[in-house]
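Welcome! Please take a first look at the sequence and the fold below, and then read on for a short tour.

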Amino acid sequence: MGGKGSRGLHVITPSVEELQQAHLYVLNNSNEVLPYILRHEGLVKESNPKMLKNRVLKEHNKTFLDWFKDKIFADDNASGTLRKLADGPKQNVISWQGYDINKYSFYTKAQDEKSTMQNSGVTLRAESQHFANVHDDNPCIAFIPYFGFVEEIWELNYVKFIVCVFKCKWVDKNIGVRTNDVGFTLVDLKKLAYQNDPFIMA
């Protein structure tokens, strides 16, 4: 990826839940893993034909990591990359307060507070399925902008390679984001939401 930490190195041990969230995000954004994701979603739906799509996605997220690991280690032809991804990252994570990647410097919010440079703000235009409610079985696909800030920067160690992810806090787009009279987007960083999806790829 070519990025490197620039300041504030720490070694942390995240909770199992947080590490799995970050790991699942990496898998969901890997082209080599995509066929397995689609196959597993299909199996979940096939095993639960009356389950709504929203519940299928939740069940997929809950069971995919173990299924993927079993599937890859039972396949003698699986690539080295898939094997390392299936095995998951090391439990200890290198955390940074500053990170340089793709000719940009990113800081955590904590680093911003002691620096003259403000580089912790992030925006993400995400394609996702949106459900009107828990009973909606016909989600619409939409590109939605999300705004937030970098809370932590992690390097996930898969032994043969490192993947950097940003752990973010996201502003509730319904009550924390508005456009003023001259067209500027105003973001209230105190109105947070989406706590179950904190990670993005650096």
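The tour goes from the core to the strand pairs, then to the backbone and the surface.

This is a predicted model, in which local features need pLDDT of at least 70 and side-chain atom pairs count only at pLDDT 80 or more, while totals for chains, interfaces and linings use all residues. Residues are numbered from 1 along each chain as its sequence is written, and side-chain values use heavy atoms, leaving out hydrogens and water.

Let us start inside. A nonpolar core here is a set of buried Ala, Val, Leu, Ile, Met, Phe, Trp, Tyr and Cys residues joined through side-chain atoms within 4.5 Å; buried means under 20% relative accessible area, exposed over 50%, and partly exposed in between (1.4 Å probe, protein chains only). The largest such core has 24 residues, and Val 33, Phe 64, Phe 68, Leu 156 and Val 165 have the most contacts inside it. Among the elements giving two or more residues to this core are helix 3 (53-73), strand 7 (140-157) and strand 8 (162-171). Helices (H or I, at least four residues) and strands (E, at least two) are DSSP runs, numbered from the N terminus. Another core, of 15 residues, lies apart from it and includes Tyr 99 and Phe 166.

What does Phe 68 touch, leaving aside its neighbours within four places in sequence? Phe 68 is in contact (heavy atoms within 4.5 Å) with Leu 27, Val 33, Tyr 36, Leu 82, Leu 85 and Ala 86.

Next come the strands, which pair if DSSP finds at least two bridges between them.

| Strand 3 and strand 7 | 3 bridges | Ser 95 and Trp 154 |

Strand 7 and strand 8 form a hairpin with 4 residues between them, and Val 159 in the turn has a positive phi of about 75°. The hairpin of strand 4 and strand 5 has 2 residues between the strands.

Now for the backbone. Most residues other than glycine have a negative phi. Asn 102, in the loop between strand 4 and strand 5, has a positive phi of about 50° although it is not a glycine. With a relative accessible area of 57%, Asn 102 is exposed. Tyr 194 also has a positive phi, near 55°, and is partly exposed at 27%.

Finally, the surface: Ile 94 lies in strand 3 (residues 93-96) and counts as partly exposed because its relative accessibility is 32%.
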